[in-house]
Each structure stands twice: as structure tokens, then as C-alpha cells.
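Subject: Structure for your review

Dear colleague,

Please find the structure below, handed over for your use. My findings follow it.

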Amino acid sequence: MTEQTGVVSAASRSPVSERADCLIEASDIVRSFGQTRALRGASVSVTAGEILAVMGPSGSGKSTLLHCLAGILAPDSGEIWFDGRRIDAMGEAERSALRRDHFGFVFQFGQLVPELTAEENIALPLLLAGTRRAAALARARPWFERLGLDGLEQRRSGELSGGQAQRVALARGLVAGPRVLFADEPTGSLDSLAGELVMNLLTAAVREQGTTVVLVTHEPRVAAYADREVIVRDGKVNSLAAGRVGS
Amino acid sequence: MIRLGLRLTLNGGREAAVRLTLIAAAVALGVSLVLMSLAGINAVNKQNARYAWLGTGTVPWGTSTSTVPASPAGSAGTSTTGQASAADPLWWLLQADHFAGQTIARVDVAATGPRSPVPPGIPRLPGPGQFYASPALSALLRSTPASELGDRFPGHQIGTIGAAALPAPNSLIIIIGHTASQLSHLQLSHVPGAAEVTSISATSPSSCSGSNCAVGAGINAAGIDLILSVVAAALLFPVLIFIGTATRLSAARREQRFAAIRLVGATPRQVSVISAVETSVAAVAGVAAGFGLFFLLRTPLAAVPFTGAPFFPSDLSLSLIDVLAVAIGVPLAAVAAARLALRRVRISPLGVARRVTPRAPRAWGLIPLLAGLAELAYFVAAGRPKTTGGQVQAFVPGFLLIMVGLVIAGPWLTMVAARLMARRASRPATLIAARRLADNPRAGFRAVSGLVLALFVTTVAVGVITTLVFYRGAPSGGAAASDTLTAQLGYGPGEAINIQGRSASAPVSDALLTQLHSIQGVQAVALIHTDPLGMKISAAKMGLQPSFGSVPADLISCAQLSRIPLLGRCPAGAQAAAIPSTGFLGLDQSLASTTWPTAAISGQRLRRLPVQAIFVDTNGSTSAIERARTALELAYPYLPSPPTTIGEFSAQTSRTTLEYEQLAEVVILVSLPIAGCTLAVSVAAGLTDRKRPFSLLRLTGAPLSVLRRVVALESAAPLLITAVVSTGLGFLAAGLFVSAQLGYSLRPPGAEYYLIVLAGLAASLGIIASTLPVLDRITGPETARNE
């Protein structure tokens, strides 16, 4: 299990793109929304198995960067590569399939389908991938014990606390064994205690599965769980840092 | 707080404006439909009231009969003054004539003194050799050769009948003046309908206790009140549901904003006031626009012959009560609906929480439905009430209970089906849709309740009509039936019709036969003679049930029969054959293959026998039929039934049935678009309420097709489930009704009904499909980013 022990390093590293284990690489990304330029030539690389924290003030473009890296948004210019495949050149259907098959997501709130039970919500990515219902639910069940959600299998999202709902969302993001988990302010709607619990569980689970994590946050305490930090400011990734909380 | 509500509503930015416009537009549509339904009912009653004067002399006199007393025959205006007892009697004869498939109401009148009553629409009674014609008939007289129409009417036109006497703008009516001696002679000759009257009837055909109060056209069924009550309920119910659904548009967004208002210190009561103000503004704007839409569509709507005849635009009017009920009732109902909806959510300063899983519908919701069916079943066992009013009181509550019961039981049925579906679902779309339906079956059912009612009403109407047609005879048709003209001169030996001092059944003059044969387009003339041999024809021979026994026969020359194959054929070598007396003729093309028994009578003797009927077979051209008809009418004026084609005769006998069918079609035609609109609004509202979870699902890679399937299933499942239930119940209710009211067994409808139902379902599914592009737009990445 992970345990918060504080920031242990903040050393600069050589460009990850030169490394053989680079999983995602974005170079010179530009993305505008109307007249607003959210990203102005952002470049970043993510190594397989690392937890990368993307930090920055509100409106800096960090969520836009995450959405571009995850294939949710197509950049106006620049290139994004995932495991040797160029994401920015893919069509919407291909990007959807990529997200479904290789990526998991955790957002700040409101991501559970309210009509489904917690168990069904966790099994949803598997059902979407074509797994049979019984098999999908069987794979979902162990996550309840793992994330301390025992007994909540049949609850609906409206019957869960914020922390519980976020842990269900985390299980949903990881149940299909994604190669990358994208987390956008996963503790943003939680109190500090619940936030810490979620982050501890998140880091433990991804390390156990070897999942790469791109974590958007504006909280240094959350960023401290990452192996490395980048800071987005004015649409550019203009600094690199590394940090580690726990093991 | 009211001022704040108004500010939020009117100056709430683009989103608030769009929401206001959407709700107002939906309410406007609903209100205009309500107004059209109410005005339509008023119009049917007004049209019926203008038939009243045509019932003069045929309406049974009694306490329930109202009459317009006489006024001096020479005075201007309609009869409004004086006492009936003090009036000079008016000779009166009303007959139905035909021209090119249209019915002409012909009224022959003769004043006996200066105080004879004057019918409405004309300034004074026409004198001998004069007539008034309705505008449509006047135009027809001008455009048609006299030998085809004008020659039938003695005298010359002195004026046009005013709108007060016209059931419809295109009514064909003529009022012909005679001397009193001319018409009194008709009574002496036992011409049916010729009578002295002292007042003009003001009894609406809908109040008649008879079934043939007025000749010609319009709704003269005794049970019109029953039909109108059901039609009104069938139309108003779905419209009110639609309005209720419309006011729930964007409810989730509104509730989020209310939470923000609570955060800054507003009390729940203040939030309620703001909500009421918002809803009222939208509803009032919608009501105003709805009235505008109604008046805009009134004129084109009046031209649609819903009852078989068009209305005057002024017929589609609203009473003060109608106006007040809609103008006040709709905004009040909208506010009540919004308030009720707010009670279902818990709006706290920290956000909106749905009251977790709304209470599941209970099985007792089936009670009203079962009670309605039991009520109808009771009258099957106990027998129907004797009076029309009693029947209305007996059956209307039963049908209304079933309709209300369907709406109450619908959510329970939806829930049961959804739970079954969820249990068996293996695909995520099916699972999500089934769970949502099972969680809130009321919301799922609400969207389709309008269509369910439309299907129920349609099924009942079609079931009843199909049964009526089966037992009372379907309208015979076909080209041959429409091409053959029949003049009935007598009804068997001893019942010869006396025309101006001579028996109509006397042998037909050679001059008439020559004239008929000389008409271009007349192909054959056949004479049906009385049978001195006393032959009988078995019912089975005529294609009727053997229980009818046998019917009297008439005789026909085989040479003539061979030229009118519609009537059947002779055995080989026969000179004459016995055919069913014309009163018993099925008038159906199926007779064409029947071989009638030989009549042992010589051709010479046959020609000397009295004639019962003349059949004139034509090539079907209007000119040939109408010239032949004119010639027959001039030769045999004032026959009880003026010459008609078999097609016209069938159309007349099946008129009431067709009017019922017409009303049923109106219900279908109006209900389906309403239900479709309700579905569209409900689907759109459901989508906007679930923007965030759906858009996040898409972000995580859920294909759009999965979300589309969710929406389609959520709407289609309750639609299809309840459609099956409502059509089944429709057949059951129709079966109970025809059994109790008419003593018939329900007959299954033809393919047309199933096509209408399938088309209705397809249209509704199409409307659901039309909302799917919205899904693509509102669940795009931008939504997840900005929510």
C-alpha cells in the first residue's frame, strides 16, 4: 500500500521522447476554442508505468492538454502519439475505440450512470467492450473489497457518498485493465481525507497493474503522489518536475 | 420574489430565453389543439342545429321537441313570432335527391294562409312555380345542363337560401313552392312525408329520439352525444399530458439554478414562488400564442370535412367558458405541475438531489382499469339502458374509467416489463434503459400515454365500426353498383304507389322506355314486375343466413336480365326468372354469379304485369346517370325514394357508420401528432437532464450508437408494451360495448386498422429517431468540459 511520505525529489530529467519506454508523446500542440487559444504549442511525453501530474492554475489549459492526450479532443496542430499510433490523425470512431480499449478515466464528479448500481457501473466498460454480463460483474466484484466498498454493490450513485462514488469511478476506470488512466481533478469534489484515500487507492492500484497515469490537478498535495510533474501555464508545458508520495 | 422570478425568466440570458421559448411553443401547440378540439365540438353542435329545420314534419312531436313557431308567410326573416296554434298550416314534403353522388335536400312547400311558417334562410315562402336554392346548388344549376338537373325542379329561382339554413357551406338544398292543392293531393296519395305542419322544427338531430330526423347529410345519429363525449375525452387527455410534459422541459437545469439561489439564502418557499413565476410566464405566453395559432388555423380547418361536410369558419367558435377554462386553467395547471415536480426533488443549497428512486407504482393502479371493464361487463349482463341519455351515462363512465385506468396502470405495467428486461439484459444499452424505466416508470410512461390513449380510442372505434358494418351490411360498391340507377315504383302487390291519381306500378309507358334508351350512355333498362305466381326465394340463395327463411319474389325478363349482369342471371333457356323482391335485394355484386329460378310465365303476360322497379344500367358517366334520373323523376315525381344508384343507396344506409368512422379517423389524426410531440418533448427533456453522464460515457469511449440505443429503448419499450396492452384493452372494451349496446359479437378489423396502428407506431418511432441527432450534439466533448 502507498503511504504519503512527502516529496522526495524534483530533479530534471532527460527528454523522455528519447527513451524506449515512452508511451505517449505530444509535440507542439495547439488547440483553440473560438478566439481563445487554450494550448499554444504544448509538448509533453509520458513514460510507460509512470504517474505524471499535470499542474497549473485555472484556465491554463491543463484539462485541454489531458483531453488532447486522451483523444477526446483533436488538436488544431501538432502531433500526439500513443504507443506508435498517431492519435491526432485518427477519426472520432477510431479515437472512441482507443479510449474504450486502452484508456480509463476518472473525473471530478457526475461520471456514474445514475440508473445503474455501483456494481453495474464498474462493469460498464467491460459490457461496452462486449463482455457477457455475468463475466463483467464477476470481474467488477473484487474491486469492492480492494477499494473498501464492501456491501455497496447494489447502491445507486445517489446513495453513495462523494468519496465512495469516486472510488467506484476509479474502479470503473481500471476494471478493464487500461494502459493509461486519465484522471482530471479526481479529488476536486472531495474533502482532504477522502481525497487522500482515493489517491492512495489510485496509486496502489495503478502500480499493481502497471498502469500509466496522467493526473490533472491544481493541488500540490495530490500532485505529490506523482512520479513526475509538469506545469502548464498560458497553454505551454514550460517546466518539469518530479515527485513521489509513498512507495 | 415575484419580481426576481420575472427577472430570472425574462433576463436570464440565452439559455433562459431558449427554455422559455421552447416551453411557450409547446404550450402554444397544446393550447391550440385544445381550442381546436373544443371549437370542433361546438362546430358539430352548431352544424347539427342547422339541420333542425330539415327535420320539420319528421321529428316526433312531444315534450322533448322544440319548434320555432310560425310567422306570417309574407314577412321577412325567419319564423320567430306568433303561436304555433294560431299559424296557418304549411304543406311540407322533404325528400333526398341525388346528383353526381351528392345528396340534394329537396323541400316542397305550400302555404295555406298568410301566417304559414317560413323556414330559416329565406325571406318568405316561395309561391307556386318559384324556388330558393342554396348557393352551392345555385352554382350547380347554372353549370349543369337542365336535362341533367334543372328539369327536376318546377318553376324558376327567386333567391338564395341564407347561411342560417345551411348545415355546411356546400349543402345542396332547394325549397320549391306549390299550391296547397298540389301538395295536399300528395298526402291523399299516401306519399310518405307529405304533411301539414304548423311550425318549423328547431330540434337538433342530436336530440332526436329517431334515427332519421333530417334528410341528406350531417350527423343525425341518436348517440351523437356519446360519440362527442368520447371524442372530446380522447382529444383533450393527450393534449393535457403534452402540456404537462412541455412544462418539464429543462427541469434539471432549472433545479440546479434553484440550488444556487438556495445557497444565497432563499427559502424553499421562495424557490417555489420563483418556479411558479417562471412557469406562469411561459404558460401565459404559450396560451396567448395558442389562441393566435387557433384563429390563424380556424379558416383552413373549417374546410376539412371532419363530419362529412365542411364547417363555416364561424362554426369553429369558442364559448366564454371555453376561453376562460383554457386561459386560466392552463397556466394554473402548468404551475401546479411544476410545483408537483419540484416536490420530487430535494433542492438544498449544495445541489439538487432526486428523491432517491421514486416510489414504485403499486399494483392497485390496475383497479380503475378493471373497474371500467367491470362496468361495461355489467351492462352486458344487465342489458343497456333504454334511453340515449341513460346509455351515455352508462357507457361514458366506463370508457373514461378505462382511459384513466390505462394512464394510472401504465407505469406499473412499464415497471414490471422494465424489471423483466433488466434481469435479462446483457448489453449495456438495454441494461441502462431498463434500469431507468424500472426506476422511474412514470416518467417513461408519461411520454407515451397520449399515444396509448389514441390507440385505445382508435381500437374501440374501429372495433365497433367493423362490427356494425359486419352485422348491418357493408356498403356495396364497385363500378357496376354506381352505374345502375333504380327507381322503386312499388313494394309488392297491394302496396302500389299512387302518383297523381294513378298507380305508379302500372306498366311503364313506351315513351319513357324510348326516352331512357335514347340517352347517350344508357346501356340497358330492366323492369322488375310483381309476381302473380307467389314464388319465394330462399335466403341462402341470396347469400344470407338460412335463418332468414325465404323472401317474396319479383319477376324479370331473362332478355333484360342478361343485359344487367349485376342482378344475376337466368337459367339456360328460361324466358323469365324469379328474383328477390327489390326490397330484399342485397344490392351487392355477389348476386352477379347467382342463377335465379325459372318463372313459368310467358313474355307477353310478364309485360302486362305491374312494374315494381326500373333498373337503368349506364356507362357510369354523370351525364347518363343524371339525365336518366331526371327522366325518371319527371315520369314518377314524389316517389318515396327518388331514383338512386345502388352505390348512393348503400352510401345513404351506411352513412351513420361512415360518420362514426370519420370521427374515429379525426381522433387518430389528431391524437397521433399530439402523442408524437409529447414523445419528442419528453425525449428531448430526458436527454438534457442526462447531458453530463451521457457525455462522460462518450468520453470514456462508449460509442454514440450505445447512447442512441439507450434513448431509443427507453422510449420504444414503454411504447410497444403499452401499445399491445392498450389495443388489447381497446378490443375488449369494444367487445363489451357492442355486446351490451347492440347485442353483437365483436368482429376483427381489417388490414387497414393494423396498417394505421403500425403507421402510428412507426411515426412515433420516427419522432424518437428525430431527437437522436440532439444526442450527438449535447453529449459532445464540449459538454463534459463546460458542465
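What percentage of the 787 residues of chain B count as buried? The share is 51%. Please bear in mind throughout that this is a predicted model, so every value in this message has been computed from predicted coordinates.

**Confidence**

The model as a whole has an ipTM of 0.73 and a pTM of 0.61. For chain B, the average pLDDT is 76, and 74% of the residues reach a score of at least 70. Two stretches of chain B should be read with this in mind. Over residues 59-85 of chain B the pLDDT stays under 50, and the model gives this stretch 67 contacts beyond four places in sequence. Residues 207-223 of chain B also have a pLDDT below 50, with 58 contacts in the model beyond near neighbours in sequence.

**The two chains**

Chain B contains 24 helices and 19 strands. Among its contacts with a separation of 6 or more, 81% are accounted for by residues 24 or more positions apart.

Chain A has eight helices and ten strands. Of its 247 residues, 49% count as buried. When contacts in chain A between residues at least 6 apart in sequence are considered, 70% of them join residues at least 24 apart.

**The contact between the chains**

Chain A contributes 26 residues to the contact and chain B contributes 23. On the side of chain B that touches chain A, at least two residues each come from β10 (351-354), α11 (428-439), α20 (691-699) and α24 (781-786) of chain B. Which of these elements gives the most? It is α11(B), with six residues. Sorted by class, the side of chain B that touches chain A comprises 13 nonpolar, four polar and six charged residues.

**A helix pair in chain A**

Helix α6 (residues 162-174) and helix α7 (residues 192-209) of chain A have axes that come within 10 Å and cross at roughly 15 degrees. Angles under 35 degrees count as roughly parallel, and α6(A) is therefore roughly parallel to α7(A). The crossing of α6(A) past α7(A) is right-handed.

From α6(A), the residues that take part are A:Gly162, A:Gly163, A:Gln166, A:Arg167, A:Leu170 and A:Leu174. They meet A:Ala194, A:Leu197, A:Val198, A:Leu201, A:Leu202, A:Ala205 and A:Gln209 in α7(A). By class, the contact of α6(A) with α7(A) consists of eight nonpolar, four polar and one charged residues.

**A helix pair in chain B**

Helix α14 (residues 510-518) and helix α17 (residues 622-635) of chain B pack with their axes 9 Å apart, at an angle of about 165 degrees. Are α14(B) and α17(B) roughly parallel or roughly antiparallel to each other? Angles over 145 degrees count as roughly antiparallel, and α14(B) and α17(B) are therefore roughly antiparallel. Here, too, the crossing is described as right-handed, with α14(B) passing α17(B).

In this pair, B:Leu512, B:Gln515 and B:Leu516 of α14(B) meet B:Ala628, B:Ala631 and B:Ala635 of α17(B). The contact of α14(B) with α17(B) divides into five nonpolar, one polar and no charged residues.

**Individual residues**

- A:Asp28 lies in strand β1 (residues 22-33) of chain A. Its phi is positive, at about 55 degrees, although A:Asp28 is not a glycine. A:Asp28 counts as partly exposed because it has 14 C-beta neighbours inside 10 Å.
- A:Asp83 is placed in the loop between β4 (77-82) and β5 (85-86) of chain A. A:Asp83 has a positive phi of about 50 degrees, and it is not a glycine either. With 14 other C-beta atoms within 10 Å, A:Asp83 is partly exposed.
- B:Pro610 is found in the loop between α16 (603-608) and β18 (611-618) of chain B. B:Pro610 has 18 C-beta neighbours inside 10 Å and therefore counts as partly exposed. The C-alpha atoms of B:Pro610 and B:Asp531 are separated by 8.9 Å, while the two residues are 79 residues apart along the chain.

With kind regards

Conventions: Residues are numbered from 1 along each chain as its sequence is written. Chains are lettered from A and ligands numbered from 1 in the order in which they are written. This is a predicted model: local features need pLDDT of at least 70, side-chain atom pairs count only at pLDDT 80 or more; totals for chains, interfaces and linings use all residues. Two residues are in contact if their C-beta atoms, placed from the backbone, lie within 7 Å. Helices (H or I, at least four residues) and strands (E, at least two) are DSSP runs, numbered from the N terminus. Ala, Val, Leu, Ile, Met, Phe, Trp, Tyr, Cys and Pro count as nonpolar, Asp, Glu, Lys and Arg as charged, and the others, Gly among them, as polar. Axes are lines fitted to C-alpha atoms, for helices over the stretch in contact, and angles run from 0 to 180 degrees between N-to-C directions. Angles under 35 degrees count as roughly parallel, over 145 as roughly antiparallel, 65 to 115 as roughly perpendicular and the rest as oblique. A crossing is left-handed if the near helix is turned anticlockwise from the far one by less than a right angle, and right-handed if clockwise. pLDDT is the predictor's confidence in each residue, from 0 to 100. A residue is buried if 20 or more other C-beta atoms lie within 10 Å of its own, exposed if 12 or fewer, and partly exposed in between; C-beta atoms are placed from the backbone.
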